[in-house]
Amino acid sequence: MTAPAASLAVAIMGPTASGKTAAALEIAARIPSEIISVDSALVYRGMDIGTAKPSRAELASVPHHLIDILDPTESYSVMQFRNDAIRLVGEISARGKLPLLVGGTMLYFKGLKDGLDDLPQADAAIRAQLDAEEAELGTPALHARLAGIDPVTAARLKPNDSQRIQRALEIWLLTGQPMSSLLEKAPKSTLPFTLLPIALEPGDRSVLHARIATRFDAMLKDGGLIEEVKTLRARGNLHPGLPSMRCVGYRQTWEYLDGLYGLAELREKGIAATRQLAKRQITWLRSMPERHVVDCLAPDAPAQVLREIARFTGNPEH
């Protein structure tokens with residue numbers, strides 16, 4: 001089949017274990033495509049099992065981008081992703097192929113679609129000050145402080161969401177203005193292409209939960225995930241505070257290797273954390289009324305995605 005017009009990119013979004021990669025590969029087999037990963041964990045080299053990274057055969061079957069581009073010591077921002085994604089969409093379209101933006105990092109999708117704010121960069125001195133206050137008073141106390149300064153932002157953050165609470169307080173200290181106010185004033189950016197958002201969502205949440213458990217068990221099989229994290233720890237330059245090591249599955253396995261709990265509890269905590277991630281992803285998706293929803297549990301989910309593309313482009317060949 002021929003690729004759609006060069007100005008179109010298709011976003012295949014969904015919670016973890018919803019079959020996004022399988023759907024994208026099936027679409028790529030029908031329409032000349034290249035895949036842009038929208039996943040904050042797949043960017044890291046040496047993190048394969050716990051991220052459910054596509055296999056070598058899958059990676060070889062269709063060009064993939066933004067996978068294995070960073071060392072786990074590095075970080076990757078929404079701004080970096082947006083710039084990379086826009087550049088890649090242009091390059092893929094110029095090759096006459098359909099760009100498929102595939103993944104579950106909803107913040108990346110939001111940053112791509114809505115553009116980025118002009119918030120100030122992090123300040124090391126203020127971060128150190130906030131770290132000290134958090135160590136002394138606790139994260140809930142910082143959340144209460146934020147509620148007095150920026151109730152809108154505080155209302156959407158959990159009282160133990162240390163990273164985001166600190167960022168909101170940092171912005172207040174740097175600008176004297178609430179983060180919510182600055183975000184409201186930020187001009188919306190437009191994309192240089194049309195984005196068709198397709199969401200793979202479960203018609204039955206319990207089936208997705210069962211998939212999550214099965215996948216996490218597969219990660220633990222024969223000690224695969226544990227050995228992977230052991231190898232990462234043995235490098236000596238990684239720690240649990242890094243964005244890479246905060247990824248679901250890696251944080252819990254690191255704590256297991258620290259002796260904080262046993263194997264059964266590692267499994268329990270890993271599955272619970274993955275389910276919580278899926279819940280947050282679905283909440284994000286439901287805040288996007290423009291998305292086209294496909295039941296990820298339907299046996300013909302990839303075919304439904306192809307029909308959505310055909311309907312959008314007006315090309316019955318798809």
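I take buried to mean under 20% relative accessible area, exposed over 50%, and partly exposed in between, with a 1.4 Å probe and protein chains only. At 1% relative accessibility, F81 therefore counts as buried.

I note that this is a predicted model, where local features need pLDDT of at least 70, side-chain atom pairs count only at pLDDT 80 or more, and totals for chains, interfaces and linings use all residues. Residues are numbered from 1 along each chain as its sequence is written, and side-chain values use heavy atoms, with hydrogens and water left out.

Next I looked up ring pairs. Rings of Phe, Tyr and Trp (its six-membered ring) pair if their centres lie within 6.5 Å; planes under 30 degrees apart are stacked, over 60 edge-to-face, and the rest tilted. I get two aromatic pairs by this rule.

Y76 is in the loop between β3 (64–65) and α3 (78–94), and Y108 is in helix α4 (residues 106–114), 32 residues apart. Helices (H or I, at least four residues) and strands (E, at least two) are DSSP runs numbered from the N terminus. Both Y76 and Y108 are buried.

F81 and Y108 have ring centres 4.7 Å apart and planes at 15°, so this pair is stacked. It links helix α3, which holds F81, to helix α4, which holds Y108, 27 residues apart. I find Y108 buried, at a relative accessible area of 4%.

Last, I checked charges over rings (NZ of Lys or CZ of Arg within 6 Å of the ring centre and within 35 degrees of the ring normal). The charged end of R233 sits over the W254 ring, 4.8 Å from its centre.
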